[in-house]
Amino acid sequence: APPHGGIALGMDRVVSRVLGTDSIREVIAFPKNRSAYCPLTDAPSTVAREQLAELGLLDLGGDAPIPGAGEKREMIDHLSWVSRIAFDSKEKPLIEAALDEAARLADRVREKAGDEEPLYAVVDVVNRVREDATPRQSPLAEKGEIFKNAPAVKGNFFKVASILE
Amino acid sequence: MPSDIFSYREPSPSSRGKDGALSGMKMALQPNMSVRGWPTEAGSMALRRFVALENATVVERLKEAGAILVGSTRMSELGFGLAGDLTASAVSEGHADCALITDTMGESLVAASIAGLWALKPTYGIISRLGLIGLVPSMECYGAVAMKPQDIAPVMKVIAGRDENDFSMPDLAIPDFRLDGKKGNTIKTIAVLKECLDLLSDDEAALFRSGLSRLEQAGFSLQEESMEEFGLFRTVHQVVGSVEASSSAGKYDGVRYGHRASAAKNWNEMYLKSRAESFGMPVKAYLFQGAYFQFENFDAFEDACRIRARLVKAMDDLFTRVDAIAIPTRRKKHPAEKALSVTQVYDAFLLTLAASVTGLPALQVPGVMSDGDFDSGLQLVGRRLSDPHLLSAGARLRR
């Protein structure tokens, strides 16, 4: 390196001084323990197949399974999960048939598509800007009317099943 | 107050005034069109016990014009296809002068054809969709069904037009729906598409050809035209439609409204189970098809949209040579009211998909393509915003 000078005060140390903690460890945002495990992000851990696919890393192992990648899931189960729609054993063959049909449709559009720009709407989309006004709650929310249709309500909130187990 | 045809009947139907454009006109709606205080379940468990809190813009305009809203009719799940839909019967059995039917793939046209009625599926984008619960936003619109075209025009005149609260509306000049004899004469040349005839069975084609002579007798000139890719309307509609449906149905989570499955252990299970019970067949299969294109094969969705661009252009080109296209409305061997799978639904609506994919107006005319036993209906597809011209051309045809 060329001759240089300067000063770099670590952010962690600044925070530690500001808070007056005894140890800098108290303010580390992403602490690792002695076995190099990160309690916050769970790293190191295995990655999901979808994450590898997103990064284009799926075919690196050829036919051999990539260490760490989750087992390949059935497509129908994957779609059921991402769209959060379960199905029963009576519906399964019908949905499988529908997915086969979808794959055939995909083949057909791939074969027939040219290099046109995709058209998502048959009319020109106009950017609409609302007139300036004082922001206010919807009258339906103010009067609590929006809760009338809810399957479960607690006070002024929609009640759902527990999010944390 | 449920009945056979209606899922809800207004106990005391009334008109807001005597001077409105629709004063005294009885209108039937589907239960996916929001009327404040009416049960609005859209034929689906996904909206079980849902009561609309606000009026749809269309409903507000109908009331303002003095129309009498008599009730909402039984409909297919979320308006996909016509299985279980009895909306047109409300008109044919005299309960209403005009009924509105959500049109995503030609439902208003086909329902009218089955009941021997007139229907107009208007140009996409001229009617506010605020308060309309639908599945395929880039295609759906309100279709109007009535005994005669003179009942459709005034309704369209009232409900069409810019709505400041519907941000998806384009800036279109709204056509003038005041019918007069002279206007209809702008439609002179009507195309018959070779590729469309190829899709028909022999007896369907024979019925269609015999009906075409009625067009010539009424003074229209017929022109054989070709549109090589006519068969692709179905493919494009299904790919784009299923993706939009899967996306639109995402809001049915059983949290703010709709059906909630009991005894879910956690949040995710609540979604999975509630949505499993919310959708029936064929809607559920359709949503899975959409999910396939969204999550497994997005290129296919984009490809379908590329083809859609080409099909819209091909239609525009065709309309530089002709004023309208004649197509039968429905098929004899593929009854829409009995279509219970996605494939059967698309088989039944094969002939009305072109207008949906391109957003063009289409008119269903009864009594022209009939052998006395079966009326396939005549469908006239016109240029964008030519809706009133179609109506008066249809009236001229039946005069």
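This is a predicted model: local features need pLDDT of at least 70, side-chain atom pairs count only at pLDDT 80 or more; totals for chains, interfaces and linings use all residues.
The domain assignment places domain 1 of chain B at 2-159, while domain 2 of chain B is made up of 181-235 + 300-398. The C-alpha centres of these two domains of chain B lie 23 Å apart.

The size of an interface is often given as the accessible area lost when the parts come together. For domain 1 and domain 2 of chain B that buried area is about 2500 Å², with 69% of it on carbon and sulfur atoms. On the side of domain 1 of chain B, the residues that lose the most area to domain 2 of chain B are B:Met105, B:Trp118 and B:Thr123, which together account for 26% of what that side buries.

From the boundary inside chain B we turn to the one between the chains, where 67 residues from chain B and 53 residues from chain A take part in the contact. About 5400 Å² is buried between chain B and chain A, and carbon and sulfur atoms give 65% of that area. In chain B, the residues losing the most area to chain A are B:Phe167, B:Phe288 and B:Arg306, together 14% of what the chain B side buries.

Across the interface of chain B and chain A the rule finds four salt bridges, and B:Lys284 forms a salt bridge with A:Glu91 in which the closest N and O atoms are 2.8 Å apart. The polar contacts across the interface of chain B and chain A number 23 residue pairs, with both residues at pLDDT 80 or more. Several helices of chain B each supply at least two residues of the side that touches chain A, among them helix H8 (232-248), helix H10 (283-296) and helix H11 (298-318), and the largest share of that side, twelve residues, comes from H11(B). Sorted by class, the side of chain B that touches chain A has 36 nonpolar, 13 polar and 18 charged residues.

Terms used: Residues are numbered from 1 along each chain as its sequence is written. Chains are lettered from A and ligands numbered from 1 in the order in which they are written. Side-chain values use heavy atoms; hydrogens and water are left out. Contact means heavy atoms within 4.5 Å. Buried area is the accessible area (1.4 Å probe) that two parts lose on being put together, summed over both. A salt bridge is a side-chain nitrogen of Lys or Arg within 4 Å of a carboxyl oxygen of Asp or Glu. A polar contact is a pair of N or O atoms within 3.5 Å; within protein, one must be able to donate a hydrogen and the other to accept it, and residues adjacent in sequence count only if both atoms are side-chain atoms. Helices (H or I, at least four residues) and strands (E, at least two) are DSSP runs, numbered from the N terminus. Ala, Val, Leu, Ile, Met, Phe, Trp, Tyr, Cys and Pro count as nonpolar, Asp, Glu, Lys and Arg as charged, and the others, Gly among them, as polar. Domain bounds come from an automatic or database domain assignment.
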